[in-house]
Amino acid sequence: MKKVYAYIDGLTTTPAVIDWAAWSARRLGVPLELLHVLERDPDAAAVSDFSGAIGLGAQEELLSQLSELDAQRGRLSQQAGRQMLDRAQERARSAGVEQVAALMRQGELVDTVLEMEPDARLVVLGEHHRPGKTGMLHLDHHVERVVRAAKCPVLVATKEDFAEPAHFAIADDGSTTAIKMVAAVARSPMLAGLPCSVVRCGTDDGEARRSLDEAQQVLQAAGFEVNVAMLRGDAHEAIPDWLASQGTSLLVMGAYGHSRIRHLVVGSTTTTLLRVSPCGLLPVSMTPC
C-alpha cells in the first residue's frame with residue numbers, strides 16, 4: 001500500500017506539516033510515514049576537512065578532541081531527531097491516524113524523496129522563507145527542488161498553523177498542465193466532497209470563460225460543488241489576495257509547466273505562489289493523490 005510521506009525538520013512549519021499529512025492520510029485511507037533527514041551542515045564541516053592545515057605542528061590530542069566534538073554533534077543531532085519523530089508520531093495519532101511509522105535517514109532531502117517516491121501517494125513538507133537583501137522573501141531551495149523533481153503530488157505547508165480545509169481553490173490558466181491537473185483532482189479521493197472554486201487571472205474573454213467552464217464541467221461530473229472566479233491582475237498578486245479574502249486554506253495548482261530556460265528568463269508563477277501564498281499549496285501535474 002502506498003503512503004503519505006511527511007518530511008519534518010523541527011523548524012516552525014513542522015506542526016503544520018504533521019497536521020496536513022495526518023489530514024491527508026485520513027482522507028486517502030493510507031498509512032503515514034514521518035521522515036527526518038539528517039543533512040550535512042555546510043557551515044559545520046567535519047574535522048577531516050581541516051586536518052591538513054591543522055596538522056602543521058598541531059598536537060594529536062587537539063585533533064582527537066576536535067574529532068570527538070564532530071562525532072558528538074552527530075550523536076546529538078540523531079538524538080534530537082529521534083525525540084522529534086516520537087513527538088510527531090504522538091501528534092499524528094492524536095489527529096486520528098492509526099498507521100504511523102517514523103524513519104530517520106542521512107543524506108540529501110531531494111535524494112530521499114526520490115528514493116521513497118515509488119511508495120508515495122503524497123509528499124508533505126514545509127516551506128521556510130529566507131529574507132533577501134531587498135526585503136523579499138525567497139523560496140526555500142529544498143521546496144522548489146522537491147516540487148520540480150517529484151512525479152507524485154507534493155503538498156507544501158506555507159504557514160505555521162494548520163486549518164482543515166472547508167473548501168479548496170484551483171488556479172487555472174488554460175494550459176495543458178492545468179487541464180491535466182483538473183482531471184487529476186477529479187479522480188482523487190483526497191478532496192472529494194469539498195466545495196471548490198476555480199480561479200483564473202488575466203483578460204476576461206471568451207477563451208478564459210471557456211477554460212473555466214470546461215474545468216467546472218469536469219469537476220461537477222466528478223461530484224464536486226464548483227464556483228468559478230475571474231480575477232484581474234497578475235496571478236502572483238491577485239490569487240493570494242483572493243485566497244485571503246475567502247479564507248481558503250488549500251490552493252491546488254499545476255506543477256512547473258514551463259521549460260527551465262523560460263523559468264530562468266521570465267520566472268515562474270508556481271515558484272512565486274509557493275513563496276507568497278497565504279495557504280497550503282498542492283502542486284499537481286497529471287498524477288492524482
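This is a predicted model: local features need pLDDT of at least 70, side-chain atom pairs count only at pLDDT 80 or more; totals for chains, interfaces and linings use all residues.
Residues are numbered from 1 along each chain as its sequence is written. Local features need pLDDT of at least 70, side-chain atom pairs count only at pLDDT 80 or more, and side-chain values use heavy atoms.

**Exercise 1.** Classify the pair formed by the rings of W20 and W23.

*Solution.* A pair of aromatic rings is described by the distance of the centres and the angle of the planes. Rings of Phe, Tyr and Trp (its six-membered ring) pair if their centres lie within 6.5 Å; planes under 30 degrees apart count as stacked, over 60 as edge-to-face and the rest as tilted. The whole structure holds 3 aromatic pairs. In one of them, the centres of W20 and W23 are 5.7 Å apart and the planes stand at 85°, so the pair is edge-to-face. W20 and W23 also belong to one aromatic cluster with F162.

**Exercise 2.** Determine the geometry of the F168 and F224 pair, and state whether F168 is buried or exposed.

*Solution.* With centres 5.9 Å apart and planes at 80°, the rings of F168 and F224 are edge-to-face. The pair links distant parts of the chain, F168 in strand β8 and F224 in the loop between α7 and β10, 56 residues apart; helices (H or I, at least four residues) and strands (E, at least two) are DSSP runs, numbered from the N terminus. F168 has a relative accessible area of 0% and is therefore buried (under 20%; exposed is over 50%, partly exposed in between, with a 1.4 Å probe and protein chains only).

**Exercise 3.** Describe how strand β9 is joined to β10.

*Solution.* Strands β9 and β10 run parallel and are joined by 6 bridges, where pairing requires at least two DSSP bridges. V199 stands opposite A229 in β10.
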